[in-house]
Structure formats: C-alpha cells, structure tokens
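Here are my notes on the model you sent over. Have it open next to the text while you read.

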Amino acid sequence: MTNEQIKIKADEVLNKYVQRGGAYKKFDSIMSAENIKFKLLETQDNFLGIFTHANSGQAYIMVNDNIKNEGRRHFTIAHELGHYFLCHELTNGQCLDTNILEDGTAIDAIEREANYFASCLLMPESKIKPAFLSMLQHSRKAKIKTFLYVQNNYTWGIWCGFKDDLLKR
C-alpha cells in the first residue's frame, strides 16, 4: 500500500471512532466495536505485540505488559490495529523490537505499513500540523527552543528559516 492509502485508512478510523482527543483514549472502544479482544501478556523478551486470530476466528491484540513507556505501549497497540485495519495476512504476526531498525524504520513492508498507520492514527496531520504551526506563530522563543530541543543560536537560526517557510504554507 502507498502512504496515502494508509493515511486515508487511518483517517477513516479516526472519523468513525475519534470525534475529539487522542486516538489512544479510544483504543478500548475501537477494539470493542471491531470485536477485537485485548490481552496484556507478562513476558520478558523483546516481544512488543501481536495481532492474531484464534481458531474460532476471534481477533486478538496482545501486548507485552512490561512495556512501561506509555507512548511505546500506545504505538504498539496502534501498530497492531494497523495490521487489522490494513487487512494484513500475517504468518507470524508477532512484532519484536528486533523488527525495528535503529532509525525507526521497519524491516519488511507489512511492518512499515503498520508503523505508518500507527503514526497517522496517533498523530493525524490534520491535527498536528495546525497545532505545530500555531505553536511556531504564537509561542515565545524559549518555549519553541525547549520543544524542538534547540541547544544553540546557530541551530535556532536554522529553525527560524524553517519556521518562516512553514508559516507560508
């Protein structure tokens, strides 16, 4: 699938299930409406999550209960929802942290698609872009520098160039 097709699918899910607020707040209702059962698994290995079907056909999303970082856990759930909504046929639906390269890209196309779906679901461009541009327009320099992790004036100058270009769009 193309990124645009994946983004459209994520937008469809958002429009159907998330009227306002973050998608992660609606995971339970999304899974309930789609008849997906959710389970947390106690595991110590590099297992993050899995989307699978039982012999009965029941869909399951299972996530490692030892993922303590809330953002990582949300991304893992959104990633597994991506496999479901993108109708991926998985032979080994298990997502391991070794499936993700150091720069965050996935090793195979299906994992990349699920990652992109998760990104679109959790950070929809239609909400993120206006919020980011508003922050650039209306926030003080110190707040923007902190948000963007800008450490020096040289880097700040580069960001100011980006800022002016972004605000023209």
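1. Salt bridges first: there are four in the structure, each taken as a side-chain nitrogen of Lys or Arg within 4 Å of a carboxyl oxygen of Asp or Glu. Keep in mind that this is a predicted model, where local features need pLDDT of at least 70, side-chain atom pairs count only at pLDDT 80 or more, and totals for chains, interfaces and linings use all residues. Side-chain values rest on heavy atoms, with hydrogens and water left out, and residues are numbered from 1 along each chain as its sequence is written.

2. One of the pairs is Glu12 with Lys9, where the closest N and O atoms are 3.3 Å apart. Both sit in helix 1 (residues 3-17), three residues apart, or about one turn of the helix. Helices here are DSSP runs of H or I with at least four residues, strands are runs of E with at least two, and both are numbered from the N terminus. Glu12 counts as partly exposed because its relative accessibility is 43%, and Lys9 gets the partly exposed label at 27%. The cut-offs: buried is under 20% relative accessible area, exposed is over 50%, and partly exposed is in between (1.4 Å probe, protein chains only).

3. Next, Lys16 bridges to Glu34, with the closest N and O atoms 3.9 Å apart. This pair joins distant parts of the chain: Lys16 belongs to helix 1, while Glu34 is in the loop between helix 2 (27-33) and strand 1 (36-41), 18 residues apart. With a relative accessibility of 56%, Lys16 counts as exposed.

4. What about Asp65 and Arg73, buried or exposed? Both are buried, and they form a salt bridge whose closest N and O atoms are 3.5 Å apart. As background, side chains of opposite charge can pair when their charged atoms come close.

5. Back to helix 1 for a geometry check. At 1.5 Å a residue its 15 residues should span 21 Å, and the end C-alpha atoms are 21 Å apart, which agrees; the expected span is 1.5 Å times one less than the number of residues. The buried residues of helix 1 are Ile6, Ala10, Val13, Leu14 and Tyr17. They cover an arc of only 100° around the axis, so they fall on the same side of helix 1; the arc is that of the directions from the helix axis to the C-beta atoms. Asn15 and Lys16 are exposed on the other side of helix 1.

6. Helix 5 (residues 125-138) can go through the same kind of check. Its 14 residues should span 20 Å at 1.5 Å a residue, and its end C-alpha atoms are 19 Å apart, which agrees. Leu133, Met135 and Leu136 are the buried residues of helix 5. Looking down the axis of helix 5, its buried residues fall within an arc of 155°, so they line one face of the helix. Ser126 and His138 are exposed on the other side of helix 5.

7. Now the strands. Strand 2 (residues 47-53) is mostly covered, with five of its seven residues buried. Strand 2 pairs with strand 3 (residues 59-64) in the antiparallel sense over five bridges; pairing requires DSSP to find at least two bridges between two strands. Ile50 stands opposite Met62 in strand 3. The hairpin of strand 2 and strand 3 has five residues between the strands, and Gly57 there takes a positive phi near 95°.

8. Which residues other than glycine have a positive phi? Asn35 has a phi near 60°, in the loop between helix 2 and strand 1. Cys87 has a positive phi of about 55° and is found in the loop between helix 3 (70-85) and strand 4 (94-96). Cys87 is exposed, with a relative accessible area of 61%. For context, most residues other than glycine have a negative phi.

9. Finally, the overall layout. The chain has seven helices and four strands, following the pattern α-α-β-β-β-α-β-α-α-α-α along the sequence. Buried residues make up 37% of the 169 residues in the chain.
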